[in-house]
Amino acid sequence: MLSRLNHLAIILQFNDCVFCQQPTNSLTGICTICSAQLPRMCPRSFRHLLLEHAPPHGERCFRRQRLCIAVWRYHTSIRWLINRFKESGNSHWARLLALQLSAQVLLTYRYHSMPLPDYLVAMPSTDKDWLKRGFHPAGLIAHHCGRLLSIPVAKRGLLWIKRLDKQKYRSRQQRWLSRIGAIKANRKLSGQSIAVIDDICTTGASFCAASEALHAVGARSVDVWSLAYNLGASRSNTSLLAVSALE
Ligand SMILES: [Zn+2]
């Protein structure tokens, strides 16, 4: 309890909205006016959207996952917010983003009447990304979500075992192919329900690789949590209604 109060006190020290720089009492660091303009996802699993655009083996993988959760759709404002965090590695930004994700998670699990997972695992960082940034963005978000939701975080629960080229230069098809069998999971996670955390979910290919690895070591269930869901240029005609539609 005391640690939770300390945590809130740290957040309260920063009382300017991260977007408009106006004073705000909001615990999330985003004032109500700015918050209302952000492309927030409905607090429901969006697995149906991932299934719609996945190749056959991805479809099989998504059907084994329980909940797919994201806080926002990946738009300009959200890209700025996440990039600001990824460029700075600032713990304040990590806490604000984890607070948003934790709130979305609680609402979504409550809606689907499902218990929270036993463990959180961060999507692993590639060596290249680690050297570039000097910190692990998904790991930092997982750490703060773990504290906010009182769920233990399994450190080094997942590991890349295949070298990947920079994903933004790859087609969707290549991205899926490159991730087959690319991640290994820790055997200690056998029999547990797990939530995998990443910053952005684009095709869901990395989440699928993580999910397959966890199921291979006997995980009971796998959920995937991200800050933003990137519908991508090829899916720009997906209506807002479909994005927020119930599964
Ligand atoms: Zn604002």
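Modeller: Start with helix α4 (residues 56-64) and helix α10 (residues 205-216): their axes come within 10 Å and cross at roughly 60°. Helices here are DSSP runs of H or I with at least four residues, strands are E runs of at least two, and both are numbered from the N terminus. Each axis is a line fitted to C-alpha atoms, for helices over the stretch in contact, with angles from 0 to 180 degrees between N-to-C directions. This is a predicted model; local features need pLDDT of at least 70, side-chain atom pairs count only at pLDDT 80 or more, and totals for chains, interfaces and linings use all residues. Residue numbers start from 1 along each chain as its sequence is written.

The pair α4 and α10 is therefore oblique. The cut-offs are under 35 degrees for roughly parallel, over 145 for roughly antiparallel and 65 to 115 for roughly perpendicular, with the rest oblique. The α4 and α10 crossing is left-handed. That term applies if the near helix is turned anticlockwise from the far one by less than a right angle; clockwise is right-handed.

Now the residues. From α4 come Gly 58, Cys 61, Phe 62 and Arg 64; they meet Ala 205, Cys 208, Ser 211, Glu 212 and His 215 of α10. Contact requires C-beta atoms, placed from the backbone, within 7 Å. By class, the α4 and α10 contact holds four nonpolar, three polar and two charged residues. Nonpolar covers Ala, Val, Leu, Ile, Met, Phe, Trp, Tyr, Cys and Pro; charged covers Asp, Glu, Lys and Arg; the others, Gly among them, are polar.

Next, the setting. The protein chain has 11 helices and six strands. Of its 247 residues, 38% are buried. Buried takes 20 or more other C-beta atoms within 10 Å of the residue's own, exposed 12 or fewer, partly exposed the range in between, with C-beta atoms placed from the backbone. Among contacts between residues at least 6 apart in sequence, 75% join residues at least 24 apart.

The chain averages a pLDDT of 83, and 85% of the residues score at least 70. pLDDT is the predictor's confidence in each residue, from 0 to 100. Strand β2 (residues 119-122) has the highest mean, 97, and helix α11 (residues 240-244) the lowest, 39. Residues 236-247 fall below 50, and beyond near neighbours in sequence this stretch has 14 contacts in the model. Where pLDDT is low, predicted coordinates should not be read in detail.

Methods: Contact = placed C-beta atoms within 7 Å.
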